[in-house]
Amino acid sequence: DDLIRARASEIETLRHRDVADLDPAEQERLATLIARLRPRAPRRRTPRQDPWRRGRVDAHRTLRASLRHLGEPAGIHYRRRGERPRRIVWLIDVSGSMSSYADVLLRVAHRVSSTTGSGAVFTMGTRLTNVTRALRHRDPDRALVAAGETVPDWSGGTRLGDNLQAFLRRHQGLARGAVVVIASDGWERGDTALLEEQAARLHRLAHRVVWA
């Protein structure tokens, strides 16, 4: 019979635990797991044509190559529509009901943003705060400290409709064509009609809205 070698893993327990209930040692292991993530940004097509191994014939480059060889055939060049990373925008609820999760969510946003090199991160509470610059620290712990010092309404109330309205008024360009991730339990202390209106507006602008 084949000998099966295995050992128990402490990481498995994190997959079935609420991150709000983790002890400091488990939180440290979770931070290590997040640091190992290798996220890839979704891609979008661009009007620009890039050189490629096959596809449509690039007549301009083919002709230029032939002219460099005094009109002799020099191979056929091809092109295809280019691709660029699609922007990822995070809107993270840091109100009282979400404060136990905010650190982990910001850590994930920091990892995704620093790895993909694109996107923006905002927190939502009683007001909207842009923490993108704070999260540019390469070290995630320093980035979280900087974000905590930037956010003035940590663990307070929630006005999601007002926050979405402020985001779309000031940063509409960031939302257009982006993947927008809203991390919130949805507890709204303001006007729910405003929340519905602004969420619909965001859906029309963004490539995709993910409410986690």
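The crossing of helices H5 and H7 in this predicted model is left-handed, a term used when the near helix is turned anticlockwise from the far one by less than a right angle. The axes of H5 (residues 160-170) and H7 (residues 192-205) come within 8 Å and cross at roughly 35°, where axes are lines fitted to C-alpha atoms over the stretch in contact and angles run from 0 to 180 degrees between N-to-C directions. Helices are DSSP runs of H or I with at least four residues, and strands are runs of E with at least two, numbered from the N terminus. The contact (heavy atoms within 4.5 Å) involves, among others, Leu160, Leu164, Phe167 and Leu168 of H5 and Leu194, Leu195, Leu202 and Leu205 of H7. Its residues divide into nine nonpolar, three polar and two charged.

Because Phe122 lies in strand S5 (residues 120-124) and Phe167 in helix H5, the pair ties together parts that are 45 residues apart in sequence.

Residues are numbered from 1 along each chain as its sequence is written. Local features need pLDDT of at least 70 and side-chain atom pairs count only at pLDDT 80 or more, whereas totals for chains, interfaces and linings use all residues, and side-chain values use heavy atoms, with hydrogens and water left out.

Technical notes. Ala, Val, Leu, Ile, Met, Phe, Trp, Tyr, Cys and Pro count as nonpolar, Asp, Glu, Lys and Arg as charged, and the others, Gly among them, as polar.
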